[in-house]
Amino acid sequence: MLNALKGLNITVVLRFVWFAAFLFVFSCSEKKPEGVLTKKEMVKVLMEVYLAEDKVSRLSLKPDSSKKVFAVFKDKVFDKVAVKDSLFDASFDYYMNRPKDMETIYTALVDSLNLREQRSSFSKE
């Protein structure tokens, strides 16, 4: 094999190796497509959605009424966080197909909610 490489310019060979390595690295790493919320943004939106769901559940309404009230709350949540519901839905679908990323998001969400609860109980004391 070395005899076959003797006739080649070493610069050409090195360029080929670098190019092949570049393609390998970037073809293996999947980039988040445009139009998908970041993990941090997903945590923020999910937290607001969860808090809205909690408020509705505390109203002790019948299920059909709860759905209608939650729809209003949900619209207000998306207005508050300045995210379109279609963007959230697309992002949610994206992360649902990536379980490790979704686990990271939900871990951060639970941590954020726990911290919020601790702060709330601390301020009441």
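**Notes on the model**

1. Start with a loop residue. Ala-82 is exposed, with a relative accessible area of 69%. Ala-82 belongs to the loop between α4 and α5. Its phi is near 55°, a positive value in a residue other than glycine. Most residues other than glycine have a negative phi. Keep in mind throughout that this is a predicted model.

2. Ser-60 is not a glycine, yet its phi is positive, about 55°. Ser-60 sits in the loop between α3 and α4. At 65% relative accessibility, Ser-60 counts as exposed.

3. Now the overall fold. The secondary structure of the protein chain consists of six helices and zero strands. From the N terminus on, the order of elements is α-α-α-α-α-α. The protein chain has 125 residues, and 21% of them count as buried. It exposes about 10,200 Å², with carbon and sulfur atoms supplying 60% of that area. Among contacts with a separation of 6 or more, 72% join residues 24 or more positions apart.

4. Next, the core. The largest nonpolar core has 23 residues. Met-42, Val-45, Phe-88, Tyr-95 and Ile-105 have the most contacts inside it. Helices α3 (39-57), α4, α5 and α6 (99-124) each supply at least two residues of this core. The largest share, nine residues, comes from α3.

5. At 1.5 Å a residue, the 19 residues of α3 should span 27 Å. The end C-alpha atoms of α3 are 26 Å apart, which agrees.

6. How many aromatic pairs does a search of the whole structure find? It finds three. Take Phe-78 and Phe-88. Their ring centres are 5.5 Å apart, with 50° between the planes, and the pair is tilted. Phe-78 lies in helix α4 (residues 63-81) and Phe-88 in helix α5 (residues 85-96), so the pair ties together parts that are 10 residues apart in sequence. Both Phe-78 and Phe-88 are buried.

7. Phe-88 also pairs with Phe-92. The ring centres of Phe-88 and Phe-92 are 5.9 Å apart and the planes are at 40°, so this pair is tilted. Phe-88 and Phe-92 are four residues apart in helix α5, and about one helical turn separates them. Phe-78, Phe-88 and Phe-92 form one aromatic cluster.

8. Are Phe-88 and Phe-92 buried or partly exposed? Phe-88 is buried, with a relative accessible area of 8%. Phe-92, at 24% relative accessibility, counts as partly exposed.

9. What is Phe-88 in contact with, leaving aside its neighbours within four places in sequence? The list is Leu-37, Met-42, Val-45, Leu-46, Phe-78 and Val-83. Met-42 and Val-45 are also among the core residues with the most contacts.

10. Ser-91 is buried, with a relative accessible area of 0%. Leaving aside neighbours within four places in sequence, Ser-91 is in contact with Gly-35, Val-36, Leu-37 and Met-42. Leu-37 and Met-42 are on the contact list of Phe-88 as well.

11. Last, Tyr-94. Its place is in helix α5. Tyr-94 counts as buried, at 11% relative accessibility. The charged end of Arg-98 sits over the Tyr-94 ring, 3.7 Å from the ring centre. Tyr-94 and Val-36 are 58 residues apart in sequence, but their C-alpha atoms are 7.5 Å apart in space. Val-36 is also one of the residues in contact with Ser-91.

Methods: Residues numbered from 1 in each chain as written. Predicted model: local features only at pLDDT ≥ 70, side-chain atom pairs only at ≥ 80, totals over all residues. Heavy atoms only, no water. Phe/Tyr/Trp six-rings, centres within 6.5 Å; stacked < 30°, edge-to-face > 60°. Buried < 20%, exposed > 50% of the residue type's maximum accessible area, 1.4 Å probe, protein only. Lys NZ or Arg CZ within 6 Å of the ring centre and 35° of its normal. Contact = heavy atoms within 4.5 Å. Areas by Shrake-Rupley, 256 points an atom, 1.4 Å probe, with all protein chains shown as cover. Core = buried A, V, L, I, M, F, W, Y, C linked by side-chain atoms within 4.5 Å. Expected span 1.5 Å × (residues − 1).
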